[in-house]
Amino acid sequence: MGCMASFGVMAQDDSTLSNGIDESADSTVLTSINDIINERQEVSQRLSLDKHFNRVWGYRSFVNFVYHSNATLTPDGTVATGVTDFNGGVAPEYKAKLGLALQVGRNYRLHKRPIANVAQFNLDFTGFDLSYNKYEAETGNSGKVYLNTQSFNYEGKEYFYIPWNIEKHELNYGMSIGPSLTIAPFTYAKGRELHYLKLNGYFHLGYNASAIFMKYDEKNIVATEDKSKVKTDENCFLWGHGVTTSFGGNISWRNIGVGFEHRSGKLEFQSFSTDKYSKVKNKFKAGLSRLYFQIRW
């Protein structure tokens with residue numbers, strides 16, 4: 001009988017092992033190994049794709065190496081020079097012979113995810129915009145610069161005219177802010193490298209401060225009359241400031257790009273030597289077109 005009891009217990013154990021699982025369990029909560037593997041693969045692919053597009057829509061900081069193609073300073077009204085024999089005694093439009101600049105800024109996203117993974121609206125801030133322009137001297141028929149032989153009276157005191165026609169070197173610093181739109185037109189293409197190609201357009205409002213150094217070179221100076229009557233005989237320094245607007249666009253791939261920008265504004269200039277040239281402010285319209293090479297990160 002003892003053997004029969006033992007056999008009965010062993011038989012019961014074998015029955016349990018042969019089932020493998022509890023037959024009373026709900027089969028709907030069981031997941032096959034293949035389903036788990038497929039789910040993990042889908043998650044891995046999704047994370048990889050998200051990481052890829054995070055890189056595509058990255059590169060929000062930028063530095064631009066800029067060349068000015070046609071910087072100009074145009075009098076906003078009448079700016080007297082005191083040179084009666086050149087341009088009727090008023091300043092003409094001055095065109096720069098050389099212009100360079102360096103810009104550093106960043107795009108700040110206005111929404112977390114790009115629209116349809118194609119378009120992104122940003123708020124741009126260019127915190128560093130330093131530029132240099134060189135304006136060569138304006139000459140008369142002699143090929144030399146005519147300086148003023150007159151002075152003027154302001155608030156009961158006699159002052160010199162600012163020698164606008166001599167060689168000028170302008171250093172300008174500004175900051176700007178404004179909206180932009182970035183479009184990645186090929187994010188649905190099969191080739192992943194095409195996803196990185198982006199177009200950007202923007203409009204910025206800025207404020208600029210400018211300093212002008214006017215170089216006096218006696219070798220290239222003649223007077224309209226007797227040279228002893230010339231009212232300017234030294235270098236002249238000016239400062240100015242004003243509001244500017246700019247618009248432009250660029251095309252980039254990964255962290256490199258090229259672009260174009262046009263900037264315009266109104267600046268008021270005044271001499272540092274107010275005891276010699278007075279506190280009169282001279283208004284100019286400033287304009288320039290920019291071509292730039294861009295690095296993004």
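His169 touches Tyr132, Asn133, Lys134, Ala211, Ile212 and Phe213, leaving aside residues up to four places away in sequence; contact here means heavy atoms within 4.5 Å. The model is predicted, so local features need pLDDT of at least 70 and side-chain atom pairs count only at pLDDT 80 or more, while totals for chains, interfaces and linings use all residues. Residues are numbered from 1 along each chain as its sequence is written, and side-chain values use heavy atoms, with hydrogens and water left out. His169 belongs to strand E9 (residues 167-183), where strands (E) are DSSP runs of at least two residues, numbered from the N terminus.

A pair of aromatic rings is described by the distance of the centres and the angle of the planes. Rings of Phe, Tyr and Trp (its six-membered ring) pair if their centres lie within 6.5 Å; planes under 30 degrees apart count as stacked, over 60 as edge-to-face and the rest as tilted. The count by this rule is nine aromatic pairs. Phe152 and Tyr159 form a tilted pair, at 6.1 Å centre to centre and 35° between the planes. Both residues are buried, that is, under 20% relative accessible area (1.4 Å probe, protein chains only). The pair of Trp164 and Phe269 is edge-to-face, because the ring centres are 6.4 Å apart and the planes stand at 75°. Trp164 lies in the loop between strand E8 (157-160) and E9, and Phe269 in strand E13 (residues 256-271), so this pair ties together parts 105 residues apart in sequence. Trp164 is buried at 1% relative accessibility, and Phe269 is buried at 0%. Ring pairs also link Phe152, Tyr154, Tyr159 and Tyr161 into a cluster.

How values were computed
Helices (H or I, at least four residues) and strands (E, at least two) are DSSP runs, numbered from the N terminus. Buried means under 20% relative accessible area, exposed over 50%, partly exposed in between (1.4 Å probe, protein chains only).
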